[in-house]
Amino acid sequence: GALLVSERIDREELCGALSPCSLSFEIVVENPLELYSGAVEIQDINDNDPVFPSSQARLEISESVAAGARFPLESAQDPDVGVNSLQTYQLSANPHFALDVQTRVDGSKYAELVLEKELDREEQRELHLVLTALDGGSPPRSAHVQIHIDVVDANDNAPVFNQSAYKASVRENTPSGTLVARISAYDLDDGPNGDIVYSFSSHTPAKVRELFALDSATGELRVKGQLDYEETKLYEIYLQAKDKGAVPGMAHCKVLVEVVDVNDNAPEVTVTSVYSPVPEDAAPGTVVALLSVTDLDSHDNGLILVQVSDVNDNAPKSSQDSYDVYVLENNVPGIPILNVSATDPDLGRNAHLSYTLLQGDPTVGHIFSINRENGTLYLLTSLDHEDQVEFSMMVQVQDGGSPPLATNVSVSVFVTDLNDNAPTVLYPHPNTTTTYTDVVAPGTPAGHMITKVVAVDADAGYNAWISYTLLQATDPSLFSVGLHSGEIFTARQLREDEAPQHTLVILLKDHGEPVLSASATVSISVAEMVKEVFTDLTDMAPANDPRRHVTFYLILAVILVSAAFFITMLSVGIFKCYKWRQSKELFNSSRSTLYRTPGPFHHIDAVRGGFTPPNFYHQVYLTTDSRQSDLLCKKPFTSSPLGSRQSTMRNGEPGLYHQIVGTTSRLPTPAE
C-alpha cells in the first residue's frame, strides 16, 4: 500500500500560480472490494529565477520635467509562489532617481522611478541604471535589467557669441563679395533648439544693409556695395543670433569695420590769385600767382611728392678693404673660394655693380676667375703649395653710372700645405750604383757618431718634420739613430770580433696626415785601416773573376781618394773665405738696421768620407738659438725648386755657418 512518485514533479507546470497545489487520486481495495479517495499537496521550492520581459529598457525624459515625477517600470515575473516568489526591487546608486516598490492587490510587486533631482541635458545627455529583482528564497534568486535614460533637450539655453565685438579693416576699393569678418555663436541645446540663424539687428541702418551682406547660416560678413573712405571711415554693424526653438533664444554682437584709404583721388590745383600782367622788369622772386593744392585722400595718399632724380655720386663700397683666403693645395678645379660683396647707395643703373679681376699678374688670369654679376671668385686649376704659396690680386667693383665709379679690393690667396710629399734622401744617394761605405775601427766607444743620413721634405711645417728610426740592421744592438738628426752612433763599444761588414736600413717618416715615409741603406765597415776596407770591397767583387786587375784597382783607388781629398780641402778653404767676407759685410750692415729680411742661405751637412749634399735655398725667420727654438714663418717667400726643406746640422763640422735674422754666427771647429 506504499504510494510512490513515478516521475519528477514540477509544481509550476501542474498548478502554475495556483496555491495550494494538490493532486487527487482513488485507491481500489479487493477482498473485500472497497474504494478510497486521497489527495497529495505539492509544496513549492525556489527553483526559478525572476525574469524581466527584456534585458534592456529605454526611457526618454525631458530635462524640463520637475522633481517628483514618476516613471513606471516593467515588472519581473517569478513562477514560484509564496515566499519564493518575487519580493522586492533594487536600483543602482545615482544622483537623480530613487526607486519606489508598490504591491498590487494580488500581492505582486512592481517598481516606479521617482525623479529626485532635475535633469540637465547640457550637463549629462544620458544615464545608465541597473534594476535588480529579488525573490524570497534562501538563497534568493535575482534578475537584472539595464535601464537607459535619454535626457530630451528643452530650449533652455540661448545662443552665445565667441566675442562680443569683432574688428576688421577693408580697403575702400575692395570688390563686392570680399570677406570682411566671420562671426560665430554656439548653443548648448540640441536639434532645432541648437540651430542658429544669423541676421542684422532690427536697428541696423538701411545704408549698412546696402553695403554689407550677412550669411544667415555661416555668419560670414561680406562686402556688398562700394565703400568710400572719404564718405565714411568706420562702420559699426550690430548683428544677432537666434535658435529655432519654440521660444527662440537670442544673442547680439557688433562688428567694427574700418575703411582703409587708397589713393583714388587725384590732387586738385586751384589758382587762388594771379598777378597779371607782370612787368618786364620784375625782379627774380616776384610772386606771379598763388596756387593751392588739395587731395581728398588721407595721410601719405594726400601728400605731393617731388621726385628727386639720382646722380651717380657714390662709389661702390666693399664690406672690407682686403680679403685673406686660405685654400688647401690639390684642390678640385672650379670651386668657389670667396664672395666679394659691395653695396652702392645710388639707384637704378647707378647702383648696378660689376666685378672685374684686374690683370696685374698674367698668371692670375689663368688660375682665378670672378663672376661679373655677384663677385664670386673661382679657382680654375689645382694649386700646389710647393710651386707657389701666395697669390695677390686686385678686384675692381664698378657701378653702371655715367661716368662709372669704381673701388678696388685686394685679395690674397694663401695655399695651405698638405702632406703630399714623402721625405727625399740626399745621402746616401738612393739612385746610384756607387756603394758608400763608412769605416769605424774596432774598440770605438759607445756614443761615437759614424755617419749621418741627410734628407729633405718638400712639404712645410709639421708635414716636413722628419724622424729617423732604425728599421733593420745586421746587429741591431751595435748602432742607434738620432730620432730627429739622422746621425748614426755606436750603441756600445765595438769588439775585435765584430762582423766586418754591417748594413743598416733607416726608416724616414714625416709627421703629416697621412704619414709618408722613405728608407735609406747605409753600409758600415769595421776595420783598422783603409786597406782592410778595400780588401773587404774587393772580396765583394763578382765571384767569376776575383783576382783580375787587383793591383790596378788599388792604385786607382788611392789616386782617386787623394785627388778627392785635395779638391775637398781646396773647396772648403775657398768657401770659408767667401763666408768670412759675407759675414763681415752683414755685420757692417747690421749696425744701422736691427733686423733685416733674411736672404737665401745654404744648408751644408758634411758627412764622413767627404760627401757634401747639393745646395738648396729657403728663407726663414729664426730665433738667435735656432737649435732650441721652433721655426717661425710669418709669411712664406718664393720657394726654391726643391720647395721647403728640412735638414739638420751638426755642431762639430768645420767651416759651417748659419744665417739668422740680423745675426751671422759661425759654428765652432773641432779644435775650438
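R121, E122, R125, D153 and D190 are linked in a network of salt bridges, a salt bridge being a side-chain nitrogen of Lys or Arg within 4 Å of a carboxyl oxygen of Asp or Glu. The model is predicted: local features need pLDDT of at least 70, side-chain atom pairs count only at pLDDT 80 or more, and totals for chains, interfaces and linings use all residues. Residues are numbered from 1 along each chain as its sequence is written, and side-chain values use heavy atoms, with hydrogens and water left out.

The structure holds 17 salt bridges. Three of them are listed here.

| Pair | Closest N and O atoms |
|---|---|
| R70 and E112 | 2.9 Å |
| D190 and R125 | 2.3 Å |
| K254 and E236 | 3.3 Å |

In the salt bridge between D190 and R125, distant parts of the chain are linked: D190 is in the loop between β13 (185–186) and β14 (196–200), R125 is in the loop between β7 and β8 (126–135), and the two are 65 residues apart. Strands here are DSSP runs of E with at least two residues, and helices are runs of H or I with at least four residues, numbered from the N terminus. D190 is partly exposed at 29% relative accessible area, and R125 is also partly exposed, at 48%. Buried means under 20% relative accessible area, exposed over 50%, and partly exposed in between (1.4 Å probe, protein chains only).

The salt bridge between R70 and E112 has R70 in strand β4 (residues 70–72) and E112 in strand β7 (residues 109–115), so the pair ties together parts that are 42 residues apart in sequence. R70 is partly exposed at 43% relative accessibility, whereas E112 is buried at 15%. For K254 and E236, which also form a salt bridge, the positions are strand β18 (residues 250–260) and strand β17 (residues 234–243), 18 residues apart. K254 is partly exposed at 27% relative accessibility, and E236 is partly exposed at 39%.

β22 runs parallel to β29 (residues 406–416), joined by seven bridges. S322 stands opposite S410 in β29.

The loop between β22 and β23 (335–339) contains N330, a residue other than glycine with a positive phi near 60°. N330 is partly exposed at 41% relative accessibility.

N31 is found in the loop between β1 and β2 and has a positive phi of about 55° although it is not a glycine. N31 is exposed, with a relative accessible area of 76%. The peptide bond from N31 to P32 is cis, with omega near -5°. A cis peptide bond also runs from E513 to P514, with omega near 5°, and P514 lies in the loop between β37 (501–509) and β38 (517–526).

UniProt, in an unreviewed entry, places a "transmembrane region" at residues 552–575; such annotations may be inferred rather than shown by experiment. In the model, this span is 100% helix and 0% strand, and its end C-alpha atoms lie 34 Å apart.

Definitions and conventions:
Pairing = 2+ DSSP bridges.
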